[in-house]
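Me: I am new to this structure. Please show it, and then let us go through it step by step.

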Amino acid sequence: MAASVVHWEISAKNSKLLQDFYSNLFGWNINADNPQQYGLVDTGLKMGIGGGIYQGTEQQPQGFVIYTQVEDIQIYLDKAVSFGGKVILPITEIPNMVTYALFADVEGNVMGLIKGPQSVPEKPKKKKPVRKQKKNRKTQKVKRITKKKSRK
């Protein structure tokens, strides 16, 4: 089953400096008012995907990471390893926020996996309204004439 890119991140040595840089450069609203000081990026546009800028750690190297949403993270980590990739961060859950993992591909590029549905549920099809059948005009006319004659 195919998987969609749903998020991006930039890991920084100085997250405040980098958040200010991108906010000034692109006019992004970056809200880091949370316990992790994770800067959630709001571009103010209806197109594109959202992202974040945060303080990097030794486990999460500095740089860009894109995240793909999958239903079963472990299956995709196992597949990545079987194709020559390497797990960088095993499945990690941040309660009430996200479950994710990181792996490096065969060239060392880091990619993230986020747990979630891989497809959007189909919208229920709208039922077409039932139309009343149009009565045959000739039949209606004959009935009216017949009623008039019977009244006399």
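Me: Which strands does helix α1 lie across, and at about what angle does it run to β4?
Reply: This is a predicted model, where local features need pLDDT of at least 70, side-chain atom pairs count only at pLDDT 80 or more, and totals for chains, interfaces and linings use all residues. Residues are numbered from 1 along each chain as its sequence is written, and side-chain values use heavy atoms, with hydrogens and water left out. Helix α1 covers residues 15-26 and lies across β1, β2, β3 (39-42), β4 and β5 (63-70), where contact means heavy atoms within 4.5 Å and helices (H or I, at least four residues) and strands (E, at least two) are DSSP runs, numbered from the N terminus. With axes fitted to C-alpha atoms, for helices over the stretch in contact, and angles from 0 to 180 degrees between N-to-C directions, the helix runs to β4 at about 150°.

Me: What angle does helix α2 make with β7?
Reply: Helix α2 (residues 73-82) also packs on the sheet. It touches β5, β6, β7 (98-104) and β8 (110-115). Its direction makes with that of β7 an angle of about 0°.

Me: In what order do the strands of the open sheet come?
Reply: The sheet has 8 strands with mixed pairing; two strands pair if DSSP finds at least two bridges between them. Their order is β2-β3-β4-β1-β5-β8-β7-β6.

Me: Which strands are the edge strands?
Reply: An edge strand here pairs on one side only. That holds for β2 (29-31) and β6 (86-94).

Me: How many bridges join β1 to β4?
Reply: Strand β1 spans residues 4-12 and β4 spans residues 51-55.

Me: Why is the pair of Tyr-22 and Phe-26 stacked?
Reply: Rings of Phe, Tyr and Trp (its six-membered ring) pair if their centres lie within 6.5 Å; planes under 30 degrees apart count as stacked, over 60 as edge-to-face and the rest as tilted. The centres of Tyr-22 and Phe-26 are 6.1 Å apart. The pair is stacked because the planes stand at 20°.

Me: Is Tyr-22 buried or exposed?
Reply: Buried means under 20% relative accessible area, exposed over 50%, partly exposed in between (1.4 Å probe, protein chains only). Tyr-22 has 14% relative accessibility, so it counts as buried.
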